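I opened this notebook to keep track of what I looked up, one entry at a time. The sequence and the structure come before the entries.

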Amino acid sequence: MQSPDSKRIVLDLNAPDFLDQFLELDLDDLKKVIKTFKKLRKLTWAEAYKDPGLKLEEIKSHKGLYTLRADQSSRLVVFRTQERMTFVVYQREHDAAYGKK
C-alpha cells in the first residue's frame, strides 16, 4: 500500500468562501495563486512538505490547518484530507494567515 505522503496532491478549490475570494482576486494575486497551484499539482505530499519555496507548515494555534506561500508576503490556508488539499483562504498579509492581524 502506498504511503499517503507519497501520493500526488489533489487540489480542492471548492470551499465556498475560498472560491468566492478566488474569483475576486486582482490579476497580480491571481497569477501568484495559479503559479502555486501549478507547482502543487506536480508534487507529492512528501515533496510539498520539504519544498523550501512553499514553506508548508501547520498553524500551531489551529491544528489541522496549514499555510503555504503564494509569494514572499502572501499565504494560502489549507487543510488536508488524505491526498486532497482543500483551500480555505488566501491572505495577502503573511501574519493574517496565522491569526495575528
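**Entry 1, ground rules.** I count two strands as paired if DSSP finds at least two bridges between them, and I take helices (H or I, at least four residues) and strands (E, at least two) as DSSP runs numbered from the N terminus. I note that this is a predicted model, in which local features need pLDDT of at least 70 and side-chain atom pairs count only at pLDDT 80 or more, while totals for chains, interfaces and linings use all residues. Residues are numbered from 1 along each chain as its sequence is written, and side-chain values use heavy atoms, with hydrogens and water left out.

**Entry 2, the sheet.** I looked up the pairing of β4 and β5 and found it antiparallel, over seven bridges. Within this pair, V78 has F87 of β5 as its bridge partner. I then turned to β3 (residues 65-69) and β4 (residues 75-81), which also pair in the antiparallel sense, over five bridges. L65 stands opposite F79 in β4, R69 stands opposite R75 in β4, and the two strands form a hairpin with five residues between them.

For the whole sheet I wrote down five strands in the order β1-β5-β4-β3-β2, an open sheet with mixed pairing. Because β1 (10-12) and β2 (57-58) are at the edges with a single partner strand each, one side of each has no neighbour in the sheet.

For contact I use heavy atoms within 4.5 Å, and for directions I use axes that are lines fitted to C-alpha atoms (for helices over the stretch in contact), with angles running from 0 to 180 degrees between N-to-C directions. Helix α2 (residues 27-41) lies across β1, β3, β4 and β5, and runs at about 160° to β5.

I call a residue buried under 20% relative accessible area, exposed over 50% and partly exposed in between, with a 1.4 Å probe and protein chains only. A nonpolar core is then a set of buried Ala, Val, Leu, Ile, Met, Phe, Trp, Tyr and Cys residues joined through side-chain atoms within 4.5 Å. The largest such core has 20 residues, and those with the most contacts inside it are L68, L76, M85 and F87. The elements that give two or more residues to this core are α1, α2, α3, β3, β4 and β5.

Leaving aside neighbours within four places in sequence, its contacts include L11, F18, F37, L40 and L76.

Which rings pair with one another? I count rings of Phe, Tyr and Trp (its six-membered ring) as a pair if their centres lie within 6.5 Å, with planes under 30 degrees apart as stacked, over 60 as edge-to-face and the rest as tilted. By this rule I get seven aromatic pairs. Since F18 lies in helix α1 and F87 in strand β5, the pair ties together parts that are 69 residues apart in sequence. F18 counts as buried at 1% relative accessibility, and F18, F22, F37 and F87 form one aromatic cluster.

I also looked for a charge over a ring, meaning NZ of Lys or CZ of Arg within 6 Å of the ring centre and within 35 degrees of the ring normal. R80 lies over the face of W45, at 4.1 Å from the ring centre.

K55, in the loop between α3 and β2, has a positive phi near 50° and is partly exposed, with a relative accessible area of 40%. Q82 has a positive phi of about 55° although it is not a glycine; I found it in the loop between β4 and β5, exposed at 61% relative accessible area.
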